[in-house]
Amino acid sequence: MMKRIFAILLVLSMLFSLAACGGDPEPTEKVPGATKPVQTEAPTEEPTEAPTEPPAYTADNWNLVDNENVVFTVTEFRHNEHLGLEMHVYCENKTDKNMMFSLDGVSVLGVMYDPFWAEEVAAGKKANSTIYFDTFELAEMGIDSVDEISFRLSVMDNDNWMDEPFVDEVFTVYPTGKTAETVVYPQYRHKNGETVIVDGDLLFIVEKVDDVDSSRYVLNCYIANRTDKNLLVSWDGVSVNGFMVNPYWSVSIASGKQAYSEIIFFRSELDKQDIEVVQDITFRLQASNSTDWSEDYLFDEIFTFNPNH
């Protein structure tokens, strides 16, 4: 009997001991007169700049097209921490023909940007779709907040591209609630070592050469269209160290807009010409009216770029 009583008392004593341990927090080291625990680990270094918060996007619907054939509405802007800005759109086809919705001539705060979006909507059907804008890539272009998006909406008969489009119109939306009067376009930041090829109605700058990739030789370029026409800027007759090499490069730039672009020479093509070091690149730079191919070139000149000078 005494053994049972002793065992019960021992169990109760252990339970009270466990309860006491679980109920009290671990003691923290304190210094005299201090009211907060002493930090035992080395303090983390304060950031030099406050972290940038994602912009507050508006939830207002932008009902851009609503007629007897087509409905196109921007329903929402949403921040995606991995992909950037999501522009959610609603597409409706009221006809008996299959439609293709697409965007062309897209710019963000005056900088050309291609989200590579298109949506097929069958006759009499509807679709919800998402258009992504890589805000990390845009930040490299000097755009920290997507305050303005301009684009040409094209809605075509998907089975007959020769027919007149159902919609072919330019729209501008303001994801953060700003207006045409309050948005601020980013200014180009000149860089050390850049080469200005031409500076006039067309501004063409080679910002830098990326020669670290074993498979590619890249020219990072900035182009600005200062005319009142939409331009297709391209080059032709390209030679490297006197040997013909064509990287097939072009970029579309709307009136008054700017663009960042990469011109890529693949090492395999340079190797065919026994080119190990690029000494000079000669090219014919051309700009044409992208909405009227009957016009002569607005710009057509030959230049030589020396990357090592």
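Two strands count as paired if DSSP finds at least two bridges between them, and the legends below use that sense of pairing for a predicted model.

**View 1. An open, antiparallel sheet of 4 strands.** The strands of this sheet follow the order β1-β2-β3-β7, and their pairing is antiparallel. Because β1 (62-66) and β7 (126-133) each have a single partner strand, they stand at the edges, and one side of each is left without a neighbour in the sheet. From one strand to the next, the twist averages 20 degrees.

**View 2. The bridges between β1 and β2.** Strand β2, which covers residues 70-80, runs antiparallel to β1 and is joined to it by 4 bridges.

**View 3. The tilted ring pair of Tyr-188 and Tyr-260.** The structure holds 16 aromatic pairs, and one of them is formed by Tyr-188 and Tyr-260, whose rings are tilted, with 6.5 Å from centre to centre and 35 degrees between the planes. The pair links distant parts of the chain, since Tyr-188 sits in the loop between β9 (167-173) and β10 (195-199), whereas Tyr-260 belongs to strand β16 (residues 258-266), 72 residues apart. Tyr-188 is buried, with a relative accessible area of 14%, while Tyr-260, at 23% relative accessibility, counts as partly exposed. The two residues fall into separate classes because buried means under 20% relative accessible area.

**View 4. The edge-to-face ring pair of Tyr-217 and Phe-265.** The rings of Tyr-217 and Phe-265 form an edge-to-face pair, in which the centres are 6.3 Å apart and the planes make an angle of 70 degrees. Tyr-217 lies in strand β12 (residues 216-225) and Phe-265 in strand β16, so the pair ties together parts that are 48 residues apart in sequence. Both residues are buried, Tyr-217 with a relative accessible area of 4% and Phe-265 with a relative accessible area of 2%.

**View 5. An aromatic cluster that includes Tyr-217 and Phe-265****.** Tyr-217 and Phe-265 belong to one aromatic cluster, together with Phe-204, Trp-235, Trp-249, Phe-283, Phe-299 and Phe-303.

View 6. The structure as a whole holds 0 disulfides.

Definitions and conventions: Residues are numbered from 1 along each chain as its sequence is written. This is a predicted model: local features need pLDDT of at least 70, side-chain atom pairs count only at pLDDT 80 or more; totals for chains, interfaces and linings use all residues. Side-chain values use heavy atoms; hydrogens and water are left out. Helices (H or I, at least four residues) and strands (E, at least two) are DSSP runs, numbered from the N terminus. Axes are lines fitted to C-alpha atoms, for helices over the stretch in contact, and angles run from 0 to 180 degrees between N-to-C directions. Rings of Phe, Tyr and Trp (its six-membered ring) pair if their centres lie within 6.5 Å; planes under 30 degrees apart count as stacked, over 60 as edge-to-face and the rest as tilted. Buried means under 20% relative accessible area, exposed over 50%, partly exposed in between (1.4 Å probe, protein chains only). A disulfide is a pair of cysteine sulfur atoms within 2.5 Å.
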